[in-house]
Amino acid sequence: MPEFSYVHSRGWVEVIVGSMFSGKTEELIRRLRRAEFARLQIQVFKPIIDKRYNDMAVTSHDLTSINSLPIQDAEEIWNHLKPDTKVVGIDEGQFFEQNLVQVVQDLAERGLRVIIAGLDTDWQAKPFEPMPTLMAVAESVTKQHAVCVVCGVPASRTQRTAGGDSQVLVGTHDAYEARCRLHFKPAVDLPTLDWKLKREEIVATTPS
Ligand SMILES: [Zn+2]
């Protein structure tokens, strides 16, 4: 995985995308830790999931191991940005509004390195803004893969296995599975264990 050399005085945008369970947050933290080792001041932001997603709790993932500040709107980054900060990390970028793109661009224009992790597609495998736009304007894009729970090949899709059909259902990891293109279904599907049992049942009851 290429990690571009970064000139401290120049702004730069890196995007890390992929399905759920593809290690986006871990990769974000890895890059931030490396920046810390280089004695660069870092700051990390994550979204407070707003009232549109009132049936959810915010998942912190591994960000508990790195100091992160929850914010409601991307513009709030300006209120909290410290003068010495050289690297800004943003997790769960897909939960911010479209104005995240302009904030990220402005941070880079000011000479900061900005690293954003997020889902590139939603549970119906449709582009999940603002991540696709960020991918377009970024200097570097890394697409991570999980493992398909049905067949074991690299997975690019997030299969919903419970819940309704709203775009966002946060904080319920057990309502999702990583799936490949073949095994992804654009609707709520049975979890894989049930799916396997059902398949065996179908096979068993199919007359030969
Ligand atoms: Zn598969």
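I take a residue as buried if 20 or more other C-beta atoms lie within 10 Å of its own. The model I am reading is predicted.

**Entry 1: strand β1**

I looked up β1, residues 12-18, with that cut-off in hand. I found 7 of its 7 residues buried. Which residues cover each face of β1? On one side I listed Trp12, Glu14, Ile16 and Gly18. On the other I listed Val13, Val15 and Val17. Every residue on both lists is buried.

**Entry 2: partners of β1**

I checked the pairing next. Valine 13 has valine 114 as its bridge partner in β5. β1 also pairs with β6, residues 140-143, in the parallel sense, over 4 bridges. There I noted valine 141 in β6 as the bridge partner of valine 15.

**Entry 3: the sheet**

What is the strand order of the open sheet? I read it as β3-β2-β4-β5-β1-β6, 6 strands with parallel pairing. β3 (69-71) and β6 are the edge strands, each pairing on one side only. Neighbouring strands are turned by 20° against each other on average, direction ignored. I then went to β2 (residues 41-47) and β4 (residues 85-90), which pair in the parallel sense over 5 bridges. Phenylalanine 45 has isoleucine 90 as its bridge partner in β4.

**Entry 4: helices on the sheet**

I followed α1, residues 24-37, across β1, β2, β4, β5 and β6. Its direction runs at about 165° to β5. α3, residues 100-109, packs on the sheet too, and touches β1, β4 and β5. I noted about 155° between the directions of α3 and β5.

**Entry 5: alanine 178**

I moved to β10, residues 176-179, where alanine 178 sits. Is alanine 178 buried or exposed? It has 24 other C-beta atoms within 10 Å, so it counts as buried. I then listed its contacts, leaving out residues up to four places away in sequence. They include Ser19, Met20, Phe21 and Ser22.

**Entry 6: whole protein**

The protein has 5 helices and 10 strands. Of its 208 residues, 35% count as buried. Among contacts between residues at least 6 apart in sequence, 73% join residues at least 24 apart.

How values were computed: Residues are numbered from 1 along each chain as its sequence is written. This is a predicted model: local features need pLDDT of at least 70, side-chain atom pairs count only at pLDDT 80 or more; totals for chains, interfaces and linings use all residues. Helices (H or I, at least four residues) and strands (E, at least two) are DSSP runs, numbered from the N terminus. A residue is buried if 20 or more other C-beta atoms lie within 10 Å of its own, exposed if 12 or fewer, and partly exposed in between; C-beta atoms are placed from the backbone. Two residues are in contact if their C-beta atoms, placed from the backbone, lie within 7 Å. Two strands pair if DSSP finds at least two bridges between them. Axes are lines fitted to C-alpha atoms, for helices over the stretch in contact, and angles run from 0 to 180 degrees between N-to-C directions.
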